[in-house]
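Student: I have a structure to read and a few questions about it. Can we work through them one at a time?

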Amino acid sequence: MRERIKNWLILGNRANWCVFILFALLVFGKTLLFDHFAFRELALQPSFVGLLSKTFVKLAAALLFASVTFLLRDKRWLILLSFLIDTWLIANLIYMRNNHILLDAEAFNMSSNLHGYFWSVLIYIEWRIDLLFYGLTALFCIVYRFVTKTARSWRAWLIMLIVSVALRMTGEALYVCDQKTTFNIWP
């Protein structure tokens, strides 16, 4: 079975596209989960346009991170990138539970002042939720067993970069339109 999957992935540029789609879905799903656990904003959207705006922005970020797939020959770097994203999201969740804001530069500067208070941070860890992010990355690691080194595709990377920027700008435009109709800023 494993050999048949590898043979199918070798043809054309299928391996790059499969890994790209899976990594984009992974990052998109993690950002949705982060939003749900940090802000509970999925249930608080005032309108369909606002929800669509936030979805476009999150999808743009996922496509931007996943477009790295086309630049790398060895896909192990995606696993490292995914662990870094997980660590960042979990750190933000822990900080959000404690201070009700996201991490910023001042919070990084204050981290050196913990001196013995590090263990007090443990009360803000929710193991079931926080380990979910690493679990999703572990599922993505299984995909690596089927993918060998592939050729780079600069054209596909550039196309995904343009699509990501377009989605981001569309999401921002939808957000502005939603704010104008919601708060009736303009006469």
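Student: Which residue forms a salt bridge with Glu-172?

Tutor: This is a predicted model, where local features need pLDDT of at least 70, side-chain atom pairs count only at pLDDT 80 or more, and totals for chains, interfaces and linings use all residues. Residues are numbered from 1 along each chain as its sequence is written, and side-chain values use heavy atoms, with hydrogens and water left out. A salt bridge is a side-chain nitrogen of Lys or Arg within 4 Å of a carboxyl oxygen of Asp or Glu. Here the closest N and O atoms are 3.1 Å apart, and the partner of Glu-172 is Arg-168.

Student: Where do Glu-172 and Arg-168 lie?

Tutor: Helices are DSSP runs (H or I, at least four residues), numbered from the N terminus. The two residues are four apart, about one turn of the helix. Both sit in helix H7.

Student: Is Glu-172 buried, partly exposed or exposed?

Tutor: Buried means under 20% relative accessible area, exposed over 50%, and partly exposed in between (1.4 Å probe, protein chains only). Glu-172 has 34% relative accessibility, so the residue counts as partly exposed.

Student: Which residue pairs with Lys-58 in a salt bridge?

Tutor: The closest N and O atoms of this pair are 2.4 Å apart. The bridge links distant parts of the chain, from Lys-58 in helix H3 to a partner in helix H2, 23 residues apart. Both residues are buried. The partner is Asp-35.

Student: Which helix holds the salt-bridge partner of Asp-130?

Tutor: Asp-130 meets Arg-97 in a salt bridge (2.9 Å, N to O). The pair is 33 residues apart, with Asp-130 in helix H6. Both residues are buried. Arg-97 is in helix H4.

Student: Which residues of the largest nonpolar core touch the most other members?

Tutor: A nonpolar core is a set of buried Ala, Val, Leu, Ile, Met, Phe, Trp, Tyr and Cys residues joined through side-chain atoms within 4.5 Å. The largest one has 31 residues. The residues with the most contacts to other members are Phe-20, Phe-23, Phe-34, Leu-78, Leu-93, Phe-133 and Phe-140.

Student: Why is Ser-67 called buried?

Tutor: Ser-67 lies in the loop between H3 and H4. Contact means heavy atoms within 4.5 Å. Leaving aside neighbours within four places in sequence, Ser-67 is in contact with Phe-20, Trp-157 and Met-160. Ser-67 is buried because its relative accessible area is 1%.

Student: What is the phi of His-100?

Tutor: His-100 is found in the loop between H4 and H5. The residue is exposed, with a relative accessible area of 62%. His-100 is not a glycine, yet its phi is positive, at about 65 degrees.

Student: How far apart in space are Leu-102 and Ala-38?

Tutor: Leu-102 sits in the loop between H4 and helix H5 (105-110). Leu-102 and Ala-38 are 64 residues apart in sequence. From C-alpha to C-alpha, the distance is 9.2 Å.
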